[in-house]
Amino acid sequence: MSMLEVKNLHVSYGEVKAVKGISLNVKQGQLVSLVGSNGAGKTTILRTISGLIGATQGSITFGGKELLKLGAHQVTRTGLIHVPEGRMLIEDMTVNENLRAGAFCRNDKSAIEEDILEVEERFPILRQRAKQKARTLSGGERQMLAIARAQLARPRLLMLDEPSLGLAPLIVQEMFRTLSELKKSGTTILLVEQNAYGALAIADYAYVLRVGEVVAEDTAKNLLENRDFLDAYLGEQ
């Protein structure tokens, strides 16, 4: 069943056309990846879906509801949660306070406590760092906190923008394992990644973007088997 449908999406920054008629579909339970080099339009697509910037043409429906008519805070309340590039943690709040901030739309206090325990089991380092300020965390710990905070919102669909950015190779591998586990647990994910081969290794389906357009789409498995095509559009990674 389709959860998110983007049809003929156009987005411009002044005279610059950043997204040129892109269409994509995310089905419930899938991990779908958008891959492409810098300037391909990946981040712009996520920011448009989450209501942070407007579109000049097209439609975005989530669970049958048109999102382009909604503000960012209203989109969040539909259950579509966006973890932006750079994590956007609240630096002077503790790890525990950041986690609780993810549940700001909820009032089920006992369930929130259960969810905090659950994410701390998935990310034990967050329990150890619970009273530390977010600004004291390493890059990998910050990414764990950003994903865990998003989980506290109980997302129907989780969108992640460049979660591997700036992380050491071993931490990148761990992060991709975490996303794979989240998908297996039932979380639907739309993943934007410049690390194309890492993203395709865990995705069900993928779209290859170049300069604001989709140049290919297929199962991640099929795309991975077409290395010549990927290298031509993405370069060696």
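This is a predicted model: local features need pLDDT of at least 70, side-chain atom pairs count only at pLDDT 80 or more; totals for chains, interfaces and linings use all residues.
Good morning. The largest nonpolar core has 46 residues, and those touching the most other members are L145, L158, L160, L179, L191 and V208. Apart from this core lies another, of 28 residues, including A18, L46, V192 and Y207.

Let me turn to strand β8, residues 188–193. Six of its six residues are buried, so the strand is largely enclosed by the rest of the structure. In a regular strand, side chains alternate between the two faces of the sheet. In β8 both faces are covered: T188, L190 and V192 are buried on one side, and I189, L191 and E193 are buried on the other.

Which strands pair with β8? Strand β3, residues 31–35, runs parallel to β8 and is joined to it by five bridges, with V35 opposite E193. Strand β7, residues 157–161, is also parallel to β8 and joined by five bridges; here L157 stands opposite T188. From β7 the chain passes through helix α7, residues 169–184, to β8, and this β-α-β crossover is right-handed.

Next, the aromatic rings. The count comes to one aromatic pair. Y205 and Y207 form it in an edge-to-face arrangement, at 5.4 Å centre to centre with 65° between the planes. Y205 is partly exposed, at a relative accessible area of 22%, whereas Y207 is buried, at 3%.

Finally, helix α4, residues 109–122, has 14 residues and reaches 20 Å from its first C-alpha to its last, close to the expected 20 Å. Its buried residues are A111, I112, D115, I116, V119 and E120. These pack against α3, α5 and α6. Thank you.

Definitions and conventions:
Residues are numbered from 1 along each chain as its sequence is written. Side-chain values use heavy atoms; hydrogens and water are left out. A nonpolar core is a set of buried Ala, Val, Leu, Ile, Met, Phe, Trp, Tyr and Cys residues joined through side-chain atoms within 4.5 Å. Buried means under 20% relative accessible area, exposed over 50%, partly exposed in between (1.4 Å probe, protein chains only). Rings of Phe, Tyr and Trp (its six-membered ring) pair if their centres lie within 6.5 Å; planes under 30 degrees apart count as stacked, over 60 as edge-to-face and the rest as tilted. Helices (H or I, at least four residues) and strands (E, at least two) are DSSP runs, numbered from the N terminus. The expected span of a helix is 1.5 Å times one less than its number of residues. Contact means heavy atoms within 4.5 Å. Two strands pair if DSSP finds at least two bridges between them. A crossover is right-handed if, with the strands pointing away from the viewer, the path from the first strand over the helix to the second runs clockwise.
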